[in-house]
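Subject: Structure handover

Hello,

Here is the structure I said I would pass on. My notes on it follow below.

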Amino acid sequence: MNISSLNLTAIAPQIIIIITALVVLLAELFTGRKSLLAYLSLLGIIVAAIASWYIWNGTEQRLFAVPMFQTMAVADGYSLFLNLVFLVTAALSVLASINYLVRERINHGEYYALLLLATGGMMLMGSATDLMTVFLALEILSISLYVLAGFNRADLKSGESALKYFLLGAFASGFLLYGIALIYGATGTTNLAAIVDFLKGTGPMRGTYLFIGLGLLLVGFSFKIALVPFHMWTPDVYEGAPTSVTAFMSVGAKAAGFAALGRLLLYAFPTLLGDWVWALAVLSVLTMTLGNLTALAQTNVKRMLAYSSIAHAGYILIGLIAANEAGMAGVLFYLLAYAFMNVGAFAVVIAVGREGEPNLELSDYAGLGSRQPLLAAAMAVFMFSLAGVPPLAGFFGKLYIFSAAVQAGFVALAIIGVLNSVVSAFFYLRVIVYMYMQKPIVEARPVLAPPLALAIALAVLGTIGLGLLPTPFLTLAQQSIAMLFGA
Amino acid sequence: MPIDYLPILILVIVALLFAALALLVPALLGPRKPTAIKFSTYESGKIPFGTTGRRFPVKYYLTAVLFILFDIEVIFLYPWAVVFKALKLFGLIEMGVFVLILLVGYFYVWRKGALEWD
Amino acid sequence: MELALFVVLAVIAVIAAAGVVLSKKAATGALFLLLNFCTLAGLYILLNAQFIAVAQVIIYAGAIVVLFLFVLMLLSPGKEESQDRKPYIRVFAVFLAVLMLGEVGYVAFTGVLSGTPGQYTPEKIAEVGNVQAIGQVLFTDFLLPFELASVLLLVGIVGAVVLAKREL
């Protein structure tokens, strides 16, 4: 047994991110200029992205294997594409945070360390091929986010957000762990490849243990990605958390949950497809419909975006339900598109906000089109994209997922998805109506700090870019999922 | 083998017996002259004031959580110590990485002054 | 001998568990919990699971109970007895408990659930030793989760300081 047999290059991006987090944590102790730590974090994120790119070009599939070939994590196209999603989310969130933290007087280096550790957890979720790795990665991610949600310690709402997130998140982790234990009991292993072998050996057997275990696993994940009826925590948590944290977790935590769930269901449990697919279909319809209908009634933009993010989880779930290559490629494409448009939308919320965040209401956006035309234009792009208006990123994400569902025979599901998109257009466009057709109540012009402006610009670029040139990214996504279906 | 734990079982029984005796013998043999002072709460010789039912500062929480986290670190050292010889240098390196990561945490806590009673 | 020990430990464990639920004062409940953890450690040893027994004593009986007691002191005690429980909640709880007990009993006595034995059967563990078996697996096959555990602990350390320290 020696180090070289470990094939550490396979998880090099994750290691780079975690080491960066350690360095940031140590640097926090010695420097007074906290914005330096933000740029240090960005450097780590860029290096991790480059490392992912090298692995992508290197070999088709590298395994993080220790002797006896018990693979715990893997670097394949799937995990590397997801690395891209997580790193984009993290980079945009860090850029959007720099001046926000100063404004809210919570400019501490621990913020960046925790954000990086959470990113590392997300990336490990994408590459985990053992239920133990899935669980530990999920806990690293979740605990970092609980703390980040409560990072504004002077703000009672932030504390409430952290407590609610922690209590329900811990509950969900309990379900998940129980499910993993039962799956271990049923199959005698926690390794996904070994589970695949086991299920091949037994044929279409339906062990009661396995069935209950898978059910508990689904409940646990449903909590984490906020599917109705496991979504109750989401609005309060997203509203109370510092806005930059909301931006980060609304995309990152969700994408990480879908990453692990996708690999579990499509790689390890495709033989039980007939059992889990209907459960997910029900969850998806509930999630889309309730998320959108409740979002209609919101006047607080942050809360509206929270409900909108619930609805989007419903759309993405359709891709999983389709359980074909087009569906999974659609999910990956959607997650990347969602990273740009949703973090971008929250970045605009940060820009419009003021210390203490008193102005999050729709009326605060009135007349933004004349007060700060560029910012309003960016917000309009994000809203159109979230609503699924062509030719923006969100449109193609929905298009791919819905057409995959039709291909797989879930026509009704696709129709419900389209109807929901129509409903959602109402509240997304309402923001645009307020920005351009209402008289401003206050005349103040939001001042854009350079890093925040850069974050918004990049997000706009991504949203429009993915919309105008969707093909290369879709091809990339299609190549990424080969491993899931190749086995 | 559970039988290896027989000495611990005997120790537990002896401890229980000792505690029972220490309570029982004075109760049977000792004279009893109760006074108000004797019935008041013993607080290291000081005259007690107030009730014990008041809130403690949150500092205690920090101490308790840090204790648990480093306690869990210790539990990993136990199986490592048992198979240490079989793992050879590889085992030393992997535990080194594990401890190093936590050492960063310890250094952070220490330099932050979280261990001081401010 | 083992049966006698099991019965003694099991009876104490059940009494202690009932004590946790029924205690009027939360601190008494925490001490009952401590007793429960210690008897559970004894049961684990009877099952030849030494590592879990040691973890039970060091982490649960040692650290977790201490944390519980600290938390009880942090919340203002004295108010704890004045919760107004709605009666139907109690009925519902009893119903759920009976249902759970029924399920466990059904599964235990009918054996409808059958699992697959893993690599480590009781015989094999008796051969190499419980802690050795865990050590060998943990530090070879489960190396990545093991290292991730230290990252997880680090997140906990930073989180505790961030949330509870007065000045950051």
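Leaving aside residues up to four places away in sequence, A:M379 touches A:A345, A:V348, A:V431 and A:M435; two residues count as touching if their C-beta atoms, placed from the backbone, lie within 7 Å. This is a predicted model, in which local features need pLDDT of at least 70 and side-chain atom pairs count only at pLDDT 80 or more, while totals for chains, interfaces and linings use all residues. Residues are numbered from 1 along each chain as its sequence is written, and chains are lettered from A and ligands numbered from 1 in the order in which they are written.

A:M379 is also among the residues with the most contacts inside the largest nonpolar core, which has 239 residues. Such a core is a set of buried Ala, Val, Leu, Ile, Met, Phe, Trp, Tyr and Cys residues joined through C-beta atoms within 7 Å; buried means that 20 or more other C-beta atoms lie within 10 Å of a residue's own. Helix α13 (residues 325-352) of chain A gives the most to this core, 23 residues. Helices are DSSP runs of H or I with at least four residues, numbered from the N terminus.

In chain A, the buried residues of α1 include A:I16, A:I17 and A:I18. Part of their cover comes from α3 (59-112) of chain B and α7 (143-164) of chain C.

Regards

Note on methods:
Buried ≥ 20, exposed ≤ 12 C-beta atoms within 10 Å, placed from the backbone. Helix = DSSP H or I, 4+ residues; strand = E, 2+ residues; numbered from the N terminus.
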